[in-house]
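Visitor: I am new to this structure. Please show me how to read it.

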Amino acid sequence: MKNVFIYPLSILVALAIFPACQKKLVESPQSILTPAFFSTPQGLQAGLDAAYAGNRMVWGPQDFFNLTVAGTDEFNSGNDGDNGLVKYNSGYTTSNTNVTNVWGYCYRYINTCNGLIDIAPTVAGLDTTTRKNILAEAKFLRANYYFILVQFWGDVTLNQHFQTTPTTSATRSPMGDVYKFIIQDLTDAIAALPPSPLQGGVLPGKATGAAARHLLARVYLTRAGSTAAQAGDYANAYNTAIGLINSSASLGLGLQQDFSKVFAEGNETNSEILWTVQHTSTLAYNGSPAQNSSGPDNLYNHLFVPQYESQPGMQRSTLYGRPYIRVVPTHWLTDTVFAERVNDQRYNKTFQTMWLCNYAGNIPVWPNPLPAGAPAGAVPGQKKFALGDTAIFMPGYNVTDAQIKASRYLLIPPRNYNIRLAPTVTKYFDTKRSDMNAPSIRPIIVYRLADTYLVAAEALFMDGRATDALPYINAIRERAAYPSGNKAAMDVTAGNLSLNFILDERSRELCGETIRWFDLVRTGQLVQRIVLHNTDGQKNIISPKHLLRPIPQTQIDGTITGNPYPQNPGW
Amino acid sequence: MKSLRYAGILCTLFFLPHLLYSQDPNANTVSVHGKITNSNGEPLSFVSVMIKGTGKGTSTNAEGVFELQAPRNSTISISATGYISKEIKVGAKEQYTFSATLLENKNELNQVIVIGYGTRKRSDVTGAVTSISEQALREVPVANLSDALKGQGAGIDIQKDAGNSKPGASPKILVRGTRSINASNDPLFVVDGIPYNGNINDLNPDDVVAVTVLKDASATAIYGSRGANGVVLVTTRRGRNGKPVITYGGYAGFVKNFGQFDLMDGPTFRDFKKWALINQTPGVYSGLNDPKFLTDGTFTPEEVQGINTNRSTDWQKLVFRTGIMTDHQIGVSGGTDITQYSLSGGYYRETGVYPGQRFERYSVRASVDQQLGKWVKVGISSLNTYSITNGEIASDVNNPMAQGYRANPLVSPYDSTGKLVNAYVPGTANQVWNPLANFLPGAAAETRKRLGTFTTAYLEASLAPGLKYRFNGGAELRSDTYGNFFAKNTSYNQGAQNTGSNRYSFSTNFTLENLLIYDKTFAQKHKINFTALYSLQESQTQTTRFDYNNVLADALQYFNPQYASNLQSSKNSSPKWDIISYMGRANYSFADKYLLTLTMRSDGSSRLAPGNKYHVFPSAAVAWNMIQEPFLASATAVSNLKLRASYGTVGNTAIDPYKTLGALSAATYNYGTVNTTGAYLTDVANPNLTWEYTSTLNIGVDFGFLQNRISGSVEVYQQKTHDLLLPQSLPATSGIQNANVTNIGKTENKGIELHLSTVNIQSSRSNGFSWTSDLNIFINRGKITQLANGVTQDINNNWFVGQPIGAIFDYKRVGIWQATPGDTALAQSLGLTTTGSGSVIGQIRVADVNGSKTIDPGDRVILGNSQPKFEGGITNRFSYKGFDFTVVAFGRYGGLLVSRMHQSGSFMNTYQSNYNNLNIHYWTPTNGENYYPKPNHAQTNPPNGSVLTYFDATYLKIRSLSLGYTLPQSLVKRTGAKTMRVYATAANPFILFSPYRNKYHGLDPEVSMQSGAGTGSSGNQAGINVDTPPTWSMIFGINVSL
């Protein structure tokens, strides 16, 4: 080959490549969505769905549960429960992951809401109704997230707008400003949201006026108990709550006749339910991809479950659940608050006290000689019971050691409740999961009308109107008598009413419903009640340190520009 | 073997006149006949065989054979480029026949080594490069190339990724420490001139004949941004002139676990659990002998039975088995003056130390070089691999091995009838599934099949005297098909629904390059070489993934998801990036004494923000061959002395595509029966993202003494990186979930590298005893010198000005709080709880560093970092007669490793007693233990447990012991072969001086700096996962050429 061919050849090769090239440096991704998508009608819709999905990170996992259920007068730590946070000992530090996670989730999804609220007004191609709904729903969700923050941490960073640039600085706004912002959001939301979850084809889990009104009532009531209290907070609280109660019939809402129906499996859209965090049996949309009780999964079905499975005649089952044993009730809760069990039917409708034998492999046999008082038919060497018979029973009253020995099944009086085995809250039980270890597919009831009644009662009482509070508290108490209790006997008088009574009543009605810690802080009763009733925390709790959650260490460590991020007192 | 070819030509030209002389018969001569081979027994051609002091001689032919008439009692000198010369005495006999083995000389000046876009005589090299010869690569038969480089060069740090030893795992390579900590610090692999993006495991190490590592800015500048982390140039075998040579190499051997983790046996665990209960509920138990323990449900019935029968199950032993390694390579190469070819095929298979793990590789390689007329040469080389990896989910706590570590030693894996218990292991809080269940037929299937072709082609044309045009084209196509299936009753699913997953990935990488090379010598002294390049690289991948569960029949495995439920698709991606480059390089040398290299490269990267895409990276290097100076001519002891200096800037664009654009992430939700997939902002756009720049100053000395019997080099360098590309996690209040990739701060790396080759003993007899050594030591010190906005520490990201990236920041361990009044009072005064389950007595005690009278976050300090004080490798080769023995050792001194085994994530050291624990000497109220805390059933992990995970990473490892024997010609001839060598190699037989291993229950301290398993959010700490445990192996092999 001659030289002369080479030059054109190489030039040809070069020319073939050059022109195509400059375009190659422009990125046009196809497998990711870039922020620009957010500013389209579809993008806003997707953003709103994500803002809702964020609630699964709050209600469902252990974090928020540990912060609200355990470490209260209602629950001690269970065998596998937290050893620091809920016991208020020195193992509870600013690095606590429950605290850190909830803080992070709230800000993450607040930013999503901020995006929706900032962008929705200007997006082209959005019809008025959709735009109005997106704004109202986003405001409800944003208020909800901020309400969590302000209750746990007091003064918090108040991001009012969409943050799309990285920032390493942050400041805390006074609690009062945060409350004001929440109230404004809820006021806006109430005006625009569909009024009822049960009317107008509103999808389950969607924000509604009813939910927003309930939340607003609670916000007023909580602010009234805080240092940011404003004149008229109590009045606003009960006016808002009573407004909702009075309009509930017209909204298709109302208390369930039977307390047990409120939390009945499959009945999560009943008339008492104001707002739920959704889950589904379509597992691909239910939470974590592997459905392994991580991330956005609903674990409430696991968290109360005790170690029944290691008892004679028992094994783990989908019916009885997976023993996470995170909490066990305090003796005060089971023995004092729920002491009345004749007219008030809620004890038996809240707690499981009996387990039926589901494993023939290790049924115990009668010893020889038989214990004194052994039941008729007991034969030494023969099995004490059969499959399907009672294997564990907690009668709720004291029995003697001899009676325990003579019992066919494991008989556990209150004095023998321990951190492995005690009465179990059944409100979140889920028997229709795919597997005995799988997380729940049930929606979580977050706000319900019974609480609206109790909020109204508390606000009236705190405002010095005990008599006016009576109808609301008695409505709840009378319902608790259904079906066989004496309704009239449940009624209380103004003389009975006290802050303590109201808090006790809240326990009877709402125990385990991820709200207690807020109730105790709001009413200023946290320390007293821990000292009285919580054997884990009574020696350790310190005021005012433990009245607020610590600012997570990662927040303080991460605020590297501007002023240092202030920590809460005592931490 | 390009170098040999060049060397051969040079030798021939040089000695041509003498060859003529030697034809002249002489009455007083003896006839000498011989054969010269290298240490692998391969014949060496063009070896000069000279009669000392006469200037007369000959050279060997293609079979390595020579014949010569030499005066009586003369000395014959044998020398070849790249080898250590040898002298042999002859006496007065008429005939001498001998065969001699030449040992390789690593620092031989005339050796031609591959550099970026060309080759260069070693004496002409101006930058910092390390070249590794075929011989060194062959010394230790290995499964992958990066293993072969271990301990071979200064500044090349090769460590196991997270301590992982599973078959098919590839180690991490760091050239001169860590610079940025983003997507990758991996060096660029260039195979036969074309960037290689595939898995290093898909390169058959037997196909590789030379490796050059480019380290300083001047050497790597020609690769621009892609060379920012160093460049590894890999040359594969090509044909050479001569009759076809057929080679076969094969080995077989076994691989075994390198010891077992020290876990508790039955009785130890029994007491441990009792203590955990005592500490959970103080006051409930009277002591270890409290009979309540055996009746109150603390122990399951199976455990009680185990206690009563004194059972102690060694679960590790049940899981471990011996793996098998086999390797076969067959090749043929040859050629004529105008056509050279080389073909080879290989098969490698390794099974792991526990069932289900396997790596298999089939490779086929072909290369042809063809001269077209006088001016044009074309060539093509194609590397094709098909590999199968089984059982690679090993880092998961659900893998059977990790389950085996945690399984309760008091219980048996079998029931009373001898049947395997396919359920949770009793006494493990229903968290540990019988690990042996995974090995039941049909229980688990996990296969990755990778098919890769890597084809490079060139056309080289001489345009004018000294002027060449070259076109390089490279195409790399890979497909990767992965599927897994785990039945219901496996450690993976633990009784939940069976699960399956399918993942597909297809990637293409194209490289097109146009080069102009001008090479000319003026007035004999001025040598000029100019290289100009235009190149385009494009990489594109498409990855699709489906996960599902509830497969109708286990037998379907992952082959038909139609019969499964809950199909989900996530982690799909299709990244694409391009780099367009313009480059020029000029070399000038004057009288071979003064050398100058100037390089300029302009890169345009698609990954950076518009406006910042292009950048120019210049570099310059000078060298002074002092040995050429007259004033050194009389210093006969000095055989080489060269000074080098270089300075240059390279850029790094090692971020993932689309990082400038920001991204939304998906979130699924439902409203009743209406299911939705939402999206929210998780990655903010960074429109200002720009190049990270590293400027490197490198000063080096190459030296050789006593005819290069002592030779080596010393390099000193300083690298300064600015606009460091780092992912920065933001405080939660930012609302931004994912770390934000941004240009932030500056880092600095300084280092010294020493390389020394010595010929310690060189026998004057033909195959007498000889001993050579190669030693390299390198020291690297890296630190962050600046962070954005004047910030001096960013704790969440583990960045501290003045510290290396990946500093370990934590509380300072003092010991254990003892059950003494003094300790109790002190603990209380610090606000610590001393009663109940949360009592700190018996727990880890950390220091109140800031004197605040409380233990608060202000007490955290920098405890150290994973940077070793120094690292090095030494290779000793001994040979005698046909035997050769090679010992390769490498080690590191100093630095901290983070042992995940001791950390919460492994569940092996929780002190909770829910499952088995490392056999540590835990604290009890009476034993005064001051290192390991008390067990406590109330807590999932001991408070401040992270301080138990930092260990001195020092170790010295014997990487291999290899004994070979080259069969004598007389014997080999009868078999019909030309050469034959048999060998036995033990890989990783010993670890010495490792406190982690010897004192703290660890197995292997070898781990990569950047494995990300550390505690920091940004990784970059030497973190050892609980993964496939370290292994050692023994193989027996043979190499034959026909």
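Guide: Start with a term: a salt bridge is a side-chain nitrogen of Lys or Arg within 4 Å of a carboxyl oxygen of Asp or Glu. Across the interface of chain A and chain B, the rule finds two salt bridges. B:Arg860 and A:Asp557 meet through their side chains in a salt bridge, 2.9 Å from N to O. This is a predicted model, where local features need pLDDT of at least 70, side-chain atom pairs count only at pLDDT 80 or more, and totals for chains, interfaces and linings use all residues. Residues are numbered from 1 along each chain as its sequence is written, chains are lettered from A in the order in which they are written, and side-chain values use heavy atoms, with hydrogens and water left out.

Visitor: How many residues does the contact take from chain A and from chain B?

Guide: Contact means heavy atoms within 4.5 Å. Chain A gives 90 residues and chain B gives 100.

Visitor: What area is buried between chain A and chain B?

Guide: Buried area is the accessible area (1.4 Å probe) that two parts lose on being put together, summed over both. Here it is about 7,600 Å². Carbon and sulfur atoms give 56% of that area. A:Lys24, A:Leu25 and A:Glu27 supply 10% of what chain A buries against chain B, more than any other three residues.

Visitor: How are two packed helices described?

Guide: By the angle between their axes and the distance between the axes. Axes are lines fitted to C-alpha atoms over the stretch in contact, and angles run from 0 to 180 degrees between N-to-C directions. Helices are DSSP runs (H or I, at least four residues), numbered from the N terminus. In chain A, H16 (residues 466-480) and H18 (residues 499-510) pack at about 35°, with axes 11 Å apart.

Terms used
Helices (H or I, at least four residues) and strands (E, at least two) are DSSP runs, numbered from the N terminus.
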